[in-house]
Amino acid sequence: MALAALLSFNLALSPSARAQQQPATVPDAPAPQPAKPLSDINGPITPGLGAGDDQSTPNSASDGSQQQAPPSSQAPVENPNDVQKTPPQIADVETTNTLIHLNVTYVEVPVTVKDSKGNLVAGLTWRDFKIYENNTREDIKVFNVDPYPLSIAFVVDQSLTSDIMEKVNNSLDSIQGALTPYDELSVFTYSNGAQNRSGGFTGAQSARAPFVLSMVKSSGTDEQVPVNSGPLAGCPIRVNGNCADPTIQPGFSTGSGTNPMTIPKEIHTLNDAILAAAKELASRPKGRRRIIYVVSDGKEYGSKATIKEVIKFLQTNNIAVYGTLVGSSATWGEGYLSRFHLPFTMYDNVLYKYIAATGGQADTERNLNGIEKSYADIAKDARNQYLLVYASHESIYDSKYRKIDVRVDRPGLDVTAKLGYYPSAQMSAP
């Protein structure tokens with residue numbers, strides 16, 4: 001019975017079940033292929049370059065390798081479709097930890113815009129301005145209308161006549177009223193040489209400022225007619241028309257009858273005073289307007305520095321000169337004629353040259369109220385300016401003078417800006 005049950009179970013198994021119980025067959029590995037014959041190679045075999053005269057590309061998948069085209073001697077033709085249409089995104093240094101250095105010369109140009117009545121014009125946008133450097137239009141990179149804190153170096157002429165100097169002395173108390181707590185000032189005087197009265201910058205509204213300004217006060221000078229001939233020359237005491245002292249000869253020096261007295265020349269070292277103030281301002285940090293405010297009649301004689309040297313230093317360090325003209329330079333008609341210089345004579349007024357070259361402003365005042373008002377007006381003009389910043393197209397390694405021309409597309413407006421500048425390392429922004 002057991003044998004019969006076993007036979008019946010074997011017969012019940014299907015063919016597919018018996019096929020699954022059989023082991024799977026393993027396919028044979030591919031047979032090795034013989035190497036391609038090198039009968040078509042007619043040149044030497046060079047490592048890294050291939051064989052033969054006709055080199056084939058190393059990544060060729062077909063048996064017939066593609067031939068590489070010889071290099072062309074012509075310049076590549078620019079495809080207009082390859083030009084970048086959208087500006088790139090500025091990299092975030094905090095997230096990418098990448099610094100991109102660009103050697104670009106950024107030029108700051110403060111601009112004052114007034115109407116025909118001398119009032120400041122507000123509400124202009126960057127679209128109203130056009131700026132040119134060496135007759136080339138420049139794109140405005142930064143446009144700002146915010147008021148800036150001032151770093152002012154006051155330069156007071158102590159060689160003024162006594163009546164004019166008295167008015168200047170009485171007006172000095174009004175300087176603090178024109179400044180804000182964010183401003184700072186230093187004080188210079190000059191007559192025969194420049195002197196730094198403040199010893200550095202101090203807060204405009206600090207308790208030290210009135211003391212520093214009080215050091216500027218002076219008695220001035222008295223105008224006298226120089227005489228080296230005639231009955232009033234060289235002899236203080238006369239008897240019957242003759243000099244009482246025989247050692248003093250009329251018109252000559254003491255004890256000499258052959259060497260005439262030399263009339264002393266006036267000394268007005270305006271150039272040296274502006275240069276000393278400019279050196280002090282050059283160390284002030286960025287973000288402040290560097291201003292030299294001069295109260296003078298503009299006369300210049302006896303300075304060691306020349307006008308050209310001082311203007312170059314001002315234009316290199318982005319310093320503007322403002323001024324209040326007093327004395328003879330403030331007289332109608334005479335103030336204009338004093339700008340003309342005769343050779344081998346004293347400069348009657350050179351202050352207007354500094355003001356025009358650096359983009360400053362000037363007032364001409366003869367009375368005390370006008371001088372006090374000019375402090376507030378000029379401080380307001382210097383503080384409320386349009387700031388234009390552009391990237392110069394000139395090379396950063398070129399130190400030559402660059403001319404600037406600023407225009408406003410509105411009629412009847414007076415635009416004041418510096419005439420040019422000399423590039424410096426401070427302008428290079430990485």
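Student: Is Tyr 375 buried or exposed?

Tutor: Buried means under 20% relative accessible area, exposed over 50%, and partly exposed in between, with a 1.4 Å probe and protein chains only. Tyr 375 has 3% relative accessibility and therefore counts as buried. Please note that this is a predicted model, in which local features need pLDDT of at least 70 and side-chain atom pairs count only at pLDDT 80 or more, while totals for chains, interfaces and linings use all residues. Residues are numbered from 1 along each chain as its sequence is written, and side-chain values use heavy atoms, with hydrogens and water left out.

Student: Which residues have the most contacts inside the largest nonpolar core?

Tutor: A nonpolar core is a set of buried Ala, Val, Leu, Ile, Met, Phe, Trp, Tyr and Cys residues joined through side-chain atoms within 4.5 Å. Here the largest has 29 residues, and Leu 179, Tyr 293 and Tyr 375 have the most contacts inside it. Among the elements that each supply at least two residues of this core are strand 7 (150-157), strand 13 (289-296) and helix 10 (368-383). Helices (H or I, at least four residues) and strands (E, at least two) are DSSP runs, numbered from the N terminus. Helix 10 gives the largest share of the core, 5 residues. A second, separate core has 27 residues, including Phe 201 and Leu 351.

Student: How many aromatic pairs are there?

Tutor: Rings of Phe, Tyr and Trp (its six-membered ring) pair if their centres lie within 6.5 Å; planes under 30 degrees apart count as stacked, over 60 as edge-to-face and the rest as tilted. The count by this rule is 6 aromatic pairs. For Tyr 293 and Tyr 375, the ring centres are 5.7 Å apart and the planes stand at 65 degrees, so this pair is edge-to-face. Because Tyr 293 lies in strand 13 and Tyr 375 in helix 10, the pair ties together parts that are 82 residues apart in sequence. Tyr 293 is buried too, at a relative accessible area of 2%.

Student: Which residue lies over the face of Tyr 422?

Tutor: A charge sits over a ring if NZ of Lys or CZ of Arg is within 6 Å of the ring centre and within 35 degrees of the ring normal. Lys 312 lies over the face of Tyr 422, 5.2 Å from the ring centre. Likewise, Arg 289 lies over the face of Tyr 148, at 4.4 Å from the ring centre.
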